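Please open the model in your viewer and keep the selection panel at hand. The tour goes from one selection to the next.

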Amino acid sequence: MPAAAINRKSREELKLMRKAGQIVAEVHALIKENIKPGVSTLELDTLAEEYIRKSGALPTFKGYYDFPATLCTSINDEVVHGIPRADAVLKDGDIISVDVGATYRGLIADAAFTAPVGKVSDELIQLLDATKESLFAAIEQMRPGNYLEDVSGAVEDVNKRYPFGLVRNYGGHSVGRRLHEEPFVHNFRTGERGPELRSGCVLAIEPMFNLGGDDVYTAEDEWTVLTNDHLPSAHFEHTVAVTDSEPEILTILS
Ligand code: MG
């Protein structure tokens, strides 16, 4: 059976997603400026929420399945979905992953980055760089005529060139009027080529690499995902549209 087609956004929807993506990119810039030792993740969350609302958008994650915050903030061995807290205070040598979604007039963009706090080890810098490299390799595959498996395979291929684990239980997704639309975007080859990419398809691509093994679990708060071996994890994500020519990253500053 052929894979179900990925829904394609209209010109008008893409316009609004572009605006949502700009707001997300601006929040990233704001949060990066404020990541330093002594800052709590709750302080970062407050900055992000105020900025999104001031921009005429809504924080997509807040209230999504009852998630309580604007940002997901995941420190060190936390992979994704960490909840901002007043007592989660950044320290020199940490890494922090920040994920944020903005909804602008009903359309959503979603993106994440991992940043060092103060001075971090060379191996952590390499972990961040490799994860980001895999994201951009995947984005490069976002072209009409390619298949979903090409995007997934690009992440896996970069991962294999490094001694890092690859998180397999979580991945990307299509996005638009809902945060998580079909299809799921694996960060490795599944053996099925999946749907064809066509102009107007939009995917949030989000590789997660671990300093140690692949395996992760969910904490008792039922949100925070952690590595089994408690070694650090990195996460980069962009919302990307397939066009008739080059891939369009909606969540970078234009
Ligand atoms: Mg996402």
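What follows is a walk through a predicted model, beginning at a metal site and ending in the nonpolar cores.

**Stop 1: the metal.** Select the magnesium ion. Its coordinating atoms come from Asp110 (OD), His173 (NE2), Glu206 (OE) and Glu237 (OE), at 2.1 to 2.3 Å. Along the sequence, these donor residues follow the spacing D-x62-H-x32-E-x30-E.

**Stop 2: Glu206.** Select Glu206, between strand E9 (202–205) and strand E10 (208–210). Its relative accessibility is 7%, so Glu206 counts as buried. Glu237, at 0%, counts as buried too. Residues touching Glu206 include Asp99, Gly171, Gly172, Asn187 and Phe236.

**Stop 3: Ile205.** Move to Ile205, whose contacts include Leu135, Ile139, Met142, Val151, Phe236 and Glu237. In the largest nonpolar core, of 70 residues, Ile31, Ile35 and Ile205 have the most contacts inside the core. Helix H1 (residues 11–34) gives the most to this core, eight residues.

**Stop 4: another core.** Finally, select Val79, Val167, Met208 and Val225. They are among the six residues of another core, which lies apart from the largest one.

Terms used
Residues are numbered from 1 along each chain as its sequence is written. This is a predicted model: local features need pLDDT of at least 70, side-chain atom pairs count only at pLDDT 80 or more; totals for chains, interfaces and linings use all residues. Side-chain values use heavy atoms; hydrogens and water are left out. Helices (H or I, at least four residues) and strands (E, at least two) are DSSP runs, numbered from the N terminus. Contact means heavy atoms within 4.5 Å. Donors are N, O and S atoms within 2.8 Å of the metal (3.2 Å for Na, K and Ca); water is not among the atoms, so sites may look incomplete. Buried means under 20% relative accessible area, exposed over 50%, partly exposed in between (1.4 Å probe, protein chains only). A nonpolar core is a set of buried Ala, Val, Leu, Ile, Met, Phe, Trp, Tyr and Cys residues joined through side-chain atoms within 4.5 Å. Lists of a residue's contacts leave out its neighbours within four places in sequence.
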